Amino acid sequence: MEEQSAFATCYQLAKLVEKALIDEVELSPKPGLVDRLTTGSHSDMNHELFVLSARTLTPFFEEMALASWQKRPSQAVREAIAEIGRRAETAMLAATGGVNTHKGAIWAMGLFISVISSQYSCDRQLFLPKIFTDIQQLVAYPDRRLQVAATGSHGNKVKQKYGYTGAFGEAAAGFPHVQVALSDFLSRQIKDSPEKRLHMLLAIMATLDDTCILYRSDQQVLNHVQQLAKQANKQPIPSAAFEALNNYCQQQNVSPGGSADLLAASFFLLSLENLTSQKLYFATAK
């Protein structure tokens, strides 16, 4: 019975991740990003490719959840999900013809589904602040099997040039920008809607040092994107400020891909109340 419960819950978690990834690409219109309406600043990606990629990754997220079931964050769990993540990336690239649709999402969602599976199976409940601290604990363990031959990756190039720690630094800090997105969502006294979720994206973009933007441009462009996002987040969508942000991303050919990954992770966390019969404690950072 316990084994059946594990497989059923881990499958459900993986399907929630899949839905969050698809919900992110469905959300429209997004500045510089692929959505239902446009391909944003991308010539090699489209909506259909992202949906295919999300569905390709689902079995790997289920495997990560199972690898973490009834196990607290540890060196063994860290290396187990890292190995699954590398296989997931290989499968993604095979499905998309070599296009990197969800590399950042594999990292972020892998960590979230791991600690959520761990906490839910061990404690029979989910406490949102502990999800973030468990992730900090998990990433503190080194991935000893990581091949450091990835020095030519986009993230490493940005790190060498600007000193930002990128996706790893975000996770090590407990995903503060996911917390910002959830806080923005919960602070708005309007019903859930595409506009409310676009504000979550703007809240992330306003302060995230998005390495996807930096890779395509420079610090000055990133600073201006952050300023435009902050201004657009102060006004109801649609607005002239939101249109200005859209236009600037198109003109500069930049795409806030890191922000999109964190938005999808935020959607995943919002969906967790479907897993439990109790209200989650959304005590998030401001």
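Student: At roughly what angle do the axes of helix 11 and helix 12 cross?

Tutor: Happy to start there, and keep in mind that this is a predicted model. Helix 11 covers residues 219-232 and helix 12 covers residues 240-252. Their axes come within 8 Å and cross at roughly 160 degrees.

Student: How many charged residues does the contact of helix 11 with helix 12 have?

Tutor: Let's look at who takes part. Helix 11 contributes residues including Val 221, Val 225 and Leu 228, while Phe 242, Leu 245 and Tyr 248 are among those from helix 12. By class, the contact has 10 nonpolar and 3 polar residues, and the number of charged ones is none.

Student: Is Asn 246 buried or exposed?

Tutor: Asn 246 sits in helix 12, and it touches Lys 30, Pro 31 and Gly 32, leaving aside residues up to four places away in sequence. Buried means under 20% relative accessible area. Because its relative accessibility is 13%, Asn 246 counts as buried.

Student: What is the handedness of the crossing where helix 8 passes helix 9?

Tutor: Helix 8 (residues 176-187) and helix 9 (residues 194-205) pack at about 145 degrees, with axes 8 Å apart. The handedness of their crossing is right-handed.

Student: And how many residues of the contact of helix 8 with helix 9 are charged?

Tutor: Among the residues making this contact are Asp 184 of helix 8 and Lys 196 and Arg 197 of helix 9. The contact divides into 7 nonpolar and 2 polar residues, and the charged ones number 3.

Key:
Residues numbered from 1 in each chain as written. Predicted model: local features only at pLDDT ≥ 70, side-chain atom pairs only at ≥ 80, totals over all residues. Heavy atoms only, no water. Axes fitted to C-alpha atoms, helices over the stretch in contact; angles between N-to-C directions. Helix = DSSP H or I, 4+ residues; strand = E, 2+ residues; numbered from the N terminus. Left-handed = near helix turned anticlockwise from the far one by under 90°. Contact = heavy atoms within 4.5 Å. Nonpolar A, V, L, I, M, F, W, Y, C, P; charged D, E, K, R; others polar. Buried < 20%, exposed > 50% of the residue type's maximum accessible area, 1.4 Å probe, protein only.
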